[in-house]
Amino acid sequence: MNLQALEQLENELVLPQFTNEDALELGLMIINYAKEQGTAVAVHIERNRVPLFTHLMDGTSEENVHWLYRKKRVVDHYNKSSAYIAARFEQNGTTHAESSLLPPAEYQAVGGSLPLRMKHSGSIGSVTVAGLTGPLDHDYAVEGLKRFLAARKS
């Protein structure tokens, strides 16, 4: 996905509000989507850097926990999706690990973490998925947010 498409997607996925109960609902929507797909993922959701939801499905491991935090730190640092940051560095002919000056053991710009944005408030947290490939983790987080927002409209 190119930078413009990733930015447009982030601008579309804006929440009207986001409570602790909303984090639970969003997390379960992503878990249920993974079950529909026959896959296992780890999901972590934060608001203002306070963990509100974390679940590791059977078939995931401690390594997935490390990936959740590596990806979400990128979102915390840049207020952009981890996929967007990866694409931005790639567009400049490099990688985040090579050129960002942030330690790769703690920051990984690969798909899977999105900022949670609230109308009139900006970025208020993150939703992160790990356990698959970066692009698939990104797609699962996006699908979860889309389902969550669709449920709010109905």
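I take buried to mean under 20% relative accessible area, exposed over 50%, and partly exposed in between, with a 1.4 Å probe and protein chains only. By that cut-off both Asp76 and Lys72 are buried.

**Ground rules**

I am working on a predicted model, where local features need pLDDT of at least 70, side-chain atom pairs count only at pLDDT 80 or more, and totals for chains, interfaces and linings use all residues. Residues are numbered from 1 along each chain as its sequence is written, and side-chain values use heavy atoms, with hydrogens and water left out.

**Entry 1: overall layout**

I started with the secondary structure. Helices (H or I, at least four residues) and strands (E, at least two) are DSSP runs, numbered from the N terminus. The chain comes to six helices and five strands. Along the sequence I read the pattern α-β-α-β-β-α-α-α-β-β-α. The radius of gyration is 14 Å, close to the 15 Å that the globule rule gives for 154 residues, so the chain is as compact as a globular protein of that length. That radius is taken over C-alpha atoms, and the rule is 2.2 Å times the number of residues to the power 0.38. I also looked up the box: along the principal axes, the C-alpha atoms fill roughly 45 × 40 × 25 Å. Buried residues make up 48% of the 154 residues. For contacts I use heavy atoms within 4.5 Å. Of the contacts with a separation of 6 or more, 68% come from residues 24 or more positions apart.

**Entry 2: the sheet**

Next I traced the strands. Two strands pair if DSSP finds at least two bridges between them. The five strands form an open sheet in the order β1-β4-β5-β2-β3, with mixed pairing. At the edges sit β1 (14-15) and β3 (50-56), each pairing on one side only. I checked one pair in detail. Strand β2 (residues 42-47) runs antiparallel to β5 (residues 122-130) over six bridges. Ile45 stands opposite Val127 in β5.

Then I looked for what covers the sheet. Helix α3 (residues 62-78) lies across β2, β3, β4 (113-118) and β5, at about 155° to β5. Axes here are lines fitted to C-alpha atoms, for helices over the stretch in contact, and angles run from 0 to 180 degrees between N-to-C directions.

**Entry 3: Lys72**

Lys72 lies in helix α3. I find Lys72 buried, with a relative accessible area of 6%. Leaving out residues up to four places away in sequence, Lys72 touches His44, Glu46, Ser113, Ser126 and Thr128. The Lys72 side chain makes a polar contact with the Glu46 side chain at 3.2 Å. A polar contact is a pair of N or O atoms within 3.5 Å; within protein, one must be able to donate a hydrogen and the other to accept it, and residues adjacent in sequence count only if both atoms are side-chain atoms. I also noted that Lys72 and Val127 are 55 residues apart in sequence and 7.6 Å apart in space, C-alpha to C-alpha.

**Entry 4: salt bridges**

My criterion is a side-chain nitrogen of Lys or Arg within 4 Å of a carboxyl oxygen of Asp or Glu. The structure holds 12 salt bridges.

- Asp76 bridges to Lys72, with the closest N and O atoms 2.3 Å apart. The two are four residues apart in helix α3, about one helical turn.
- Glu10 bridges to Arg117 at 3.0 Å between the closest N and O atoms. Glu10 lies in helix α1 (residues 3-12) and Arg117 in strand β4, so the pair ties together parts 107 residues apart in sequence. Glu10 is buried at 5% relative accessibility, and Arg117 is buried at 15%.
- Glu36 bridges to Arg147, the closest N and O atoms being 2.9 Å apart. Glu36 is in helix α2 (residues 20-37) and Arg147 in helix α6 (residues 134-153), 111 residues apart. Arg147 counts as partly exposed at 28%.

**Entry 5: backbone check**

Which residues did I flag for phi? Most residues other than glycine have a negative phi. Arg49 has a positive phi of about 65° although it is not a glycine. Arg49 is in the loop between β2 and β3, and is exposed at 55% relative accessibility. Leu101 has a positive phi of about 70°, again without being a glycine. Leu101 is in the loop between α5 (96-99) and β4, and is exposed at 85%.
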